Amino acid sequence: MNDQSNATVSATLANWIAGLTLDDIDPRARSATEDTVLDTVGLSVAALDTDYGRAARTAFATPGNCTVWGLPEGRESAAAALINGTCGHGEDYDNTFEGCPMHAGVVIVPALFAAGEALSLPARDVARGLVVGTEICNRLGLVAGKATHKAGFHPTAIMGTMGAAAGVAAAMRQTPEQIRDTLGVAASMAAGIIEYLADGSWTKRMHAGWAAQSGLRAAQMGAAGFRGPQTVFEGVHGLYAAFAPSITPDFAPLLDDLGTRWEAANVAFKPYACGTMTQPFIDCAVRLKARGITPDQIVRMTCNVGEGTVHRLWEPLDLKQAPPTAYAAKFSSPYTIAAGLIHGGAGLAEFTEAAVQDPEARALAAKVSYVIDPDDEYPLNYTGHIRAELTDGTVVEERQPQLRGGVKEPLSRDELRDKAAANLSFAGRRGEAAAELSSFAASIFDSDARFDASPLARLGA
């Protein structure tokens with residue numbers, strides 16, 4: 001049994017996780033993790049009083065000693081993780097990952113913060129777990145590529161559960177055997193279908209929170225000796241066979257260069273409050289506006305897109321041109337492009353029900369269509385290209401060669417603080433609290449004390 005398990009994917013990961021120290025972590029991964037805490041917590045607090053935020057808080061009301069960010073009253077650990085993750089992901093404005101469009105931050109941060117408080121873990125161990133969870137989550141996504149979405153599942157829900165479990169296991173200082181069991185158990189807790197695309201309903205929002213609490217629970221079970229399958233990744237009924245059946249997984253992106261190649265450093269932060277792959281197109285639309293082009297001048301706009309984005313962001317086209325809800329609009333390339341050209345951006349204010357029903361926005365969205373570009377680099381790179389035909393017969397084009405906020409064009413710490421301040425202010429909170437949050441994020445790596453998120457309970461109040 002031991003010889004066999006030591007040859008598995010989970011055994012390789014477990015041995016690396018158990019041996020990792022804070023000193024082993026690349027400074028770029030640490031900086032990206034601090035940015036992730038800043039971005040994630042700010043978004044979660046901003047969404048507390050939304051309709052879905054209130055519903056999550058009502059559904060999971062069991063009191064406890066874990067902090068729901070922005071709320072004075074605590075919750076038990078799984079409830080805190082679920083609420084924080086659901087609110088953090090709710091506006092689809094949270095960080096993502098190029099190579100597999102998923103959102104590690106809103107899973108890993110809620111899971112590790114809840115674990116830290118519930119289990120009285122040292123802050124430094126929580127920090128190490130944050131990096132480990134993000135690293136594993138992102139590497140799992142590289143193996144899957146487009147295949148998880150193709151199978152009808154949400155990568156954040158699936159890979160996020162595994163990453164959260166790995167991160168909590170690291171923070172708990174589990175043995176390699178316990179980590180193997182934790183990962184084996186976690187895969188049976190992973191869930192999340194993408195049928196929300198049909199009507200803009202709320203289930204995508206809860207996927208991050210559900211994955212966070214699932215990863216936490218799996219780690220607690222693994223630590224207690226509950227056995228999980230050792231071939232959880234490569235087995236005939238394993239994670240990829242279940243959630244990415246169209247591929248034969250190549251585990252090199254997951255296992256190669258552990259500790260030297262840091263995918264936790266490669267997270268991307270969104271400048272706009274909507275789906276990842278539409279962001280470069282919004283940049284193009286904003287530049288069209290800056291050139292003085294107005295909606296009434298446009299006859300049609302045609303976008304060159306990657307084939308893998310069509311079923312989520314472009315089809316059925318008539319529905320995407322007239323999204324039924326503000327949440328559905330976040331996954332409508334025609335609407336987000338219209339918002340960018342009309343407003344010069346696409347923040348939280350552009351995704352209210354009133355904004356999405358605005359006649360000018362809907363009229364312009366109806367003029368936006370697409371063609372598939374067989375040379376598009378998605379999912380390895382997210383690009384944008386708009387060709388606009390105007391009423392005077394001229395044609396203008398704009399291109400965005402990569403995701404702004406991604407590894408090729410990153411946002412600065414100051415820009416992320418400004419983003420957090422704007423989000424807090426939009427929700428009626430003190431924008432100045434973003435600076436406090438940034439300091440808290442940086443302090444986790446340097447603290448010798450037990451982890452304590454209670455300073456976030458009244459953030460921005």
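Predicted model: local features only at pLDDT ≥ 70, side-chain atom pairs only at ≥ 80, totals over all residues.
Which residue stands opposite M301 in β5? I looked it up, and A388 stands opposite M301.

Numbering runs from 1 along each chain as its sequence is written, and side-chain values use heavy atoms, with hydrogens and water left out.

Strands. I found β3 (residues 298–305) paired with β5 (residues 384–390) in the antiparallel sense over five bridges. Pairing here needs at least two bridges found by DSSP; strands are DSSP runs of E, at least two residues, and helices runs of H or I, at least four, numbered from the N terminus. With β4 (residues 368–372), β3 pairs in the parallel sense, over five bridges. There I see V305 opposite I372.

Helices. I checked α21 (residues 413–426) against α22 (residues 433–443): they pack at about 130°, axes 8 Å apart. Axes are lines fitted to C-alpha atoms over the stretch in contact, and angles run from 0 to 180 degrees between N-to-C directions. That makes α21 oblique to α22 (under 35 degrees is roughly parallel, over 145 roughly antiparallel, 65 to 115 roughly perpendicular, the rest oblique). For the contact (heavy atoms within 4.5 Å) I list R413, R417, A420, A421 and L424 of α21, and A433, A434, A435 and S438 of α22.

Rings. I get 14 aromatic pairs (Phe, Tyr or six-membered Trp ring centres within 6.5 Å; planes under 30 degrees apart are stacked, over 60 edge-to-face, the rest tilted). F153 and F243 have ring centres 4.8 Å apart and planes at 90°, so I log the pair as edge-to-face.
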